[in-house]
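Here are my notes on this model, point by point. Please read them with the structure open.

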Amino acid sequence: RATGAVEPVAVELGDLFVEPDRVEIPSGSDLQVEVTNGGDLVHDLTLEGETGTDRLESGETQTADFGVIDADTQAWCTVPGHKEAGMLLDIVVTQPVPDTTTTTAPAGS
């Protein structure tokens with residue numbers, strides 16, 4: 001269930017690592033990842049190898065919309081060999097943020 005909450009996360013890609021390599025977001029959040037390539041090689045970051053950033057040159061930054069996340073998943077660099085070398089981001093879902101926009105009428109009203 002989408003909460004409508006946008007969860008911004010900043011990630012740096014290095015040469016064969018992702019920092020941080022694990023993020024926690026509330027279930028149903030729209031994950032927006034600001035990805036900066038801090039390494040010397042070309043890298044990208046894609047959710048399950050499908051959607052994400054373009055291949056970024058050293059020093060480039062791009063924001064990727066990973067959409068609504070409601071289950072644990074991973075993102076990785078799709079440059080051949082980079083995922084296997086450790087360029088993985090674990091996305092861990094936590095309890096959803098309570099919805100404070102709806103109110104329940106008191107009993108007996």
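1. Valine 93 is buried, because its relative accessible area of 19% falls under the 20% cut-off. The model is predicted, and this residue sits in strand β9, which spans residues 88–94.

2. What does valine 93 touch, leaving aside its neighbours within four places in sequence? Its contacts are Ile25, Pro26, Ser27, Ile69, Asp70, Ala71 and Asp72.

3. The largest nonpolar core has 22 residues. Val11, Leu31, Leu45, Phe66, Ile69, Leu89 and Ile91 touch the most other members. At least two core residues come from each of β1 (6–14), β3 (22–26), β4 (29–37), β7 (61–69) and β9.

4. Take leucine 45 from that core. Beyond four places in sequence, its contacts include Val11, Phe66 and Leu89. Leucine 45 also contacts Thr51, Gly52 and Thr53, as well as Ala75, Trp76 and Cys77.

5. Four strands form an open sheet in the order β2-β1-β4-β7, with mixed pairing. β2 (17–19) and β7 are the edge strands, each pairing on one side only. Neighbouring strands are turned by 30° against each other on average, direction ignored.

6. How do β1 and β2 pair, parallel or antiparallel? They are antiparallel, over three bridges. Leucine 13 stands opposite valine 18 of β2.

7. Which residue lies over the face of tryptophan 76? Lysine 83 does, at 3.6 Å from the ring centre. As for aromatic pairs, the structure holds zero.

Terms used: Residues numbered from 1 in each chain as written. Predicted model: local features only at pLDDT ≥ 70, side-chain atom pairs only at ≥ 80, totals over all residues. Heavy atoms only, no water. Buried < 20%, exposed > 50% of the residue type's maximum accessible area, 1.4 Å probe, protein only. Contact = heavy atoms within 4.5 Å. Phe/Tyr/Trp six-rings, centres within 6.5 Å; stacked < 30°, edge-to-face > 60°. Lys NZ or Arg CZ within 6 Å of the ring centre and 35° of its normal. Core = buried A, V, L, I, M, F, W, Y, C linked by side-chain atoms within 4.5 Å. Pairing = 2+ DSSP bridges. Axes fitted to C-alpha atoms, helices over the stretch in contact; angles between N-to-C directions.
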